[in-house]
Amino acid sequence: MKVSVKLLQIFLFISPLFFSSTAYCQGKLTISGYIKDQGSGETLIGATVYVEEIENGTVSNVYGFYSISLDPGEYTVNYRYVGYESQVKKIVLNENTKVDIELGEAGEQLEEVVVTAEAENANVTSLEMSVNKLDIKTIQQIPSLLGEADLIRSIQLLPGVSTAGEGASGFNVRGGGVGQNLVLLDEAPVYNSSHLLGFFSVFNPDAVKDVKLIKGGIPAQYGGRLSSILDVRMKEGNMKKFSASGGVGTIFSRLTLEAPIVKNKGSFILAGRRSYADILARPFTASTSFSDAALYFYDVTLKSNYNIDEKNRIFLSGYFGRDVFNFDEGQGFSWGNTTTTLRWNHLFNERLFSNLTVFYSDYDYALKFGDDGEDEFSWDSRIINYSIKPEFTYYLNPNNELTFGGQAIFYDFKPAETSAISDGEVGSITLDDKYGLESALYIANQQTLSPKLTLQYGLRLSMFNYLGSSTAYEFDNPERGERRNPISSQEFGGLETIERYMNLEPRFNVKYQLNDNESIKASYNRMAQYIHLISNTTASNPLDVWTPSTNNIAPQKADQIALGYFRNFKKNQYEASVEVYYKKIHDLVDYIDGADLLINEFLEGDLLAGEGRAYGAEFYLKKNTGKFNGWISYTLARSERLVEGINNNEWYASRFDQLHNLSVVAFYELNERWTFSGNFAYNTGTPNTFPNSRIEVQGYVIPHSNNEARNNVRIPDYYRLDFSATLYRKKKPNRKNDSNWVFSIYNVLNRENPFSNYFTVSDEFRNSRETQAFQVAIFGSIIPAVSYNFKF
Amino acid sequence: MKRFFNIVFYHFILVSSIISIQSCETEIEPELAALEPLITVDAWLNSMSGEQVIHLAKTTAYFDSSEQPKISGASVSVSDNAGNTFVFDEAEPGKYTWARADSSSFITLNTSYNLEIVYEGDLYTAVSEARRSPVIDSIMVERREEELGQPEGYYAQFFAKDFEGEGDTYWIRTYKNDEFLSKPSEINIAYDAAFSAGGNFDGFTFINPIREGVNPFDEDENEEDLSPYVPGDRIRVEIWSTTEEAFYFLSDVANLTNREGGIQALFESPIYNTTTNVLVNNEESDKVVGFFNTSMVESMEKVIEEITE
């Protein structure tokens, strides 16, 4: 505790230092405002504001706001955003000036504009590294499974991102686990990002505005997970007119409505999807014993915003999604996320922008077997969290942009509430709720030292209190790798601190501009993770639980360094980057052999702490403009673990380790009506655990590995080719509605891509001793699909 | 917990197949490096009459389906905490037996036992205890319509009640017409009245999936599902008490051998090594595998009778 007081003092001491430097910018004036899309009034995130006279500028923040302080004078300011027509403003600055800009989409003007529109060199000039952005239009063009544009499957085509295999939930970033990604939907965490296991993600692309994946150099404002931040921002809704869009696909139907509440002041967007394969299948199942089975998933996204005045704007957004699998009327299981976010943007003055976010997030699953009243089993589990997060950006001067703020998250973990009836006798077990409070304070400054050298340095102080009321156990200490049994317990009262952790997380980024087209960047970040996804299966599944750090589970920590070279060619038509990284993970959560992870009061005794390391090189080449564009991404990487009690206490490759990972994504616009897309994905086969000998006990043939190997054999390489073609409706002047048909073919090469192997005994007859090994492919065929999309 | 997953995902797969997410699989023949053979102790003694048997053999390569090499010439004995020693004789290579003239067993309730094997100068030891096993009240047979992918036919379930007090563990062994239901998917174990320690379901009648875990699901030559039982079949259910360690061993065996493939591959944990309770020269060793357990056994038999609607 002493340490924490000291750190807090340092923290408080540092902050005024930043403010004191305001002194020297007295006399400066500010140009500030919002940058928006001309057509819909949606704010634009990350638009460039470049002041020619000072050869410097800024970018709009996630709310579209920008601010730049300059000496009085005359300036030429360029406003630019990828895919939009740039605007140049002459501004005579003799008082603080508010300039709101609306940019028009390049493509909507004239055909040749697309070709000649100047591409941005933001990837070279910005400080950010290890960051990938995907705009929703790109996501919608990528050929997809069953023709449904999918955010998570799209980011898997980016460098440094992989997956354990087809159908696996989530994604892996730079050798980190699925549970080490912080997936944010309008700032609220989403605990399970998949529908139908890992086949579709929970984000409705029609309602998404911007997607940013941060793999390294993670700014101080983010924390709580080791490997990445997936920051998904929802659209705000059309500020100018009513519009609707939607689609009818093979698996979902989608509908999105957006409209102003008060024109140019407030708007809303409402988007929903539902799968209907079960309805289509009904004629075929009606006569079977599955006539009452139901399998569907849906999600609803709602967001509204209102500009109270020039200085205040509020946003309310919510997401509700659910997967339902019912075997019959009374039995089945379901899971889903609910999030609600309320945000308030407040401008204290032209230079001090603030946002206050309050959110609620809940992930739960429920299942029930038996419905005759004599024999039943039901189980509910959930993780609820409430958070408040004030953030401030202080635009000190063109050379310093200060961000600071904090966050507090209160967690309520409900691992299991079960009730069971066996032969008419009723029993129940409810595991104690576990509570935690994660809090953080951060401060960071982005400083331009010279036109060539930019730094961002920050510090995040994070704390976690594992709280009562709960029973805290002390466990024995057997040989590592074996189950630990409780030896004593202690009761703690409501909100009493059982265990406290604190971490100081330094963050650092630097960019050195070699010339207009070239820069080198480096970064370091330390991350701490206080809540853990508990899953020892190949792919994460909906029944996985999250658990807090406790007196027996230490927080996971990671240190990452990255170095990158960024270069653009041919007037920014091409952008290229090479990055190398090394990541070290401490207190990684692993599991004993045969761990019992569900409904286990003594779960902590089945967990192990280990170390992880991941390193690699990422190559990325992207063609931004022209009729033919796309990207190539190649990652050479390793992801390894060392856990006492596993693999003979030696380093082993993690289940999602892939030495080579290549993606090629290409788009070709043939003419006004036809666009073709293709993507090719290749990766080294992931490692599986193979036995080498057999034990025969009581007639069972049990696989055994003499050297206790884990992940010792690679499954064959994965590769897949997908195509799609989009047919647009003929463009006519003054036609407001638009529609298109998407024809897609997934897995054109008809490859049975192996997912894993398993070992078994031939089941032809009982007492067979003949062992067999099989390779499983989740999809073993070409999957064609057609979907229709409209907009008006 | 594996059992629990299997039940959940069995249904999941059935339902998924409606929307034609179908996986496929191919048999492969990987080359697995041959390794040092290990000593296997297979010693599951029980209170039933008849001879008590301990098998000793050596492990072989995983894909080698030939007979495992037997261990001959070991001296094998079991002693109890009352000071009695029961010497096992090698009846045939690798098979060590003990029998009384009246064919009764020496395994008695709440007695602990020490296994001692001397082989090639090494001493192999293990301890176990014969714990309580509940009486089976009845075996009920019903005739059911096809439901949720299970065929129409005769289904059995046994009724028995777990003892009050947490931590009783059982292995329910079922025989259909004297054939032991030995498929990995038919391993039926219970921790108190349910699947796992965390289930905390103590002192109740065994939960439904355990009671119904006595039904074999086989296919005929046309891959049509067969009714678990038909009139005239004889079902025998035995409840073997186990030590907690042996329960976890069996749980691992079920987890490692009952692998289904298909979409379930998404939810498999990696394979790992089973534990053993056998020590070599009083120390843990990775040169020995297998298990020593002593069980009290309760059983019941029933002949399936025709049920007319």
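Leaving aside neighbours within four places in sequence, B:Glu301 is in contact with B:Arg234, B:Ile235 and B:Arg236; two residues are in contact if their C-beta atoms, placed from the backbone, lie within 7 Å. This is a predicted model, in which local features need pLDDT of at least 70 and side-chain atom pairs count only at pLDDT 80 or more, while totals for chains, interfaces and linings use all residues. Residues are numbered from 1 along each chain as its sequence is written, and chains are lettered from A and ligands numbered from 1 in the order in which they are written.

B:Glu301 belongs to strand S18 (residues 297-303) of chain B. Helices (H or I, at least four residues) and strands (E, at least two) are DSSP runs, numbered from the N terminus. With 12 other C-beta atoms within 10 Å, B:Glu301 is exposed. A residue is called buried if 20 or more other C-beta atoms lie within 10 Å of its own, exposed if 12 or fewer, and partly exposed in between, with C-beta atoms placed from the backbone. A distance of 28 Å separates the C-alpha atoms of B:Glu301 and B:Glu245, which are 56 residues apart along the chain.

Chain B as a whole contains three helices and 18 strands. Its radius of gyration is 21 Å, close to the 19 Å that the globule rule gives for 309 residues, so chain B is as compact as a globular protein of that length. The radius is taken over C-alpha atoms, and the rule is 2.2 Å times the number of residues to the power 0.38. Along the principal axes, the C-alpha atoms of chain B fill a box of roughly 60 × 50 × 35 Å. Of the 309 residues in chain B, 47% are buried. Among contacts in chain B with a separation of 6 or more, 67% are between residues 24 or more positions apart.

Helix H3 (244-257) is one of the elements of chain B that supply at least two residues to the side touching chain A. Its end C-alpha atoms are 20 Å apart, which agrees with the 20 Å that its 14 residues should span at 1.5 Å a residue; the expected span is 1.5 Å times one less than the number of residues. H3(B) is mostly covered, as 11 of its 14 residues are buried, including B:Phe247, B:Leu250 and B:Leu256.

The interior can be described through nonpolar cores, each a set of buried Ala, Val, Leu, Ile, Met, Phe, Trp, Tyr and Cys residues joined through C-beta atoms within 7 Å. The largest has 190 residues, and B:Val41, B:Ala190 and B:Leu250 have the most contacts inside it. H3(B) gives the most to this core, with eight residues. A second, separate core of 34 residues includes A:Tyr66, A:Tyr84, A:Leu396 and A:Phe404.

Between the chains, 78 residues of chain B are in contact with 80 residues of chain A. The side of chain B that touches chain A has 40 nonpolar, 26 polar and 12 charged residues. A sheet also crosses from one chain to the other: three strands form an open sheet in the order S45(A)-S44(A)-S4(B), with antiparallel pairing. S45 (700-704) of chain A and S4 of chain B stand at its edges, each with a single partner strand, so one side of each is left without a neighbour in the sheet. Within this sheet, A:Ser693 stands opposite B:Ala61, and A:Arg694 stands opposite B:Thr60.

Definitions and conventions: Nonpolar A, V, L, I, M, F, W, Y, C, P; charged D, E, K, R; others polar. Pairing = 2+ DSSP bridges.
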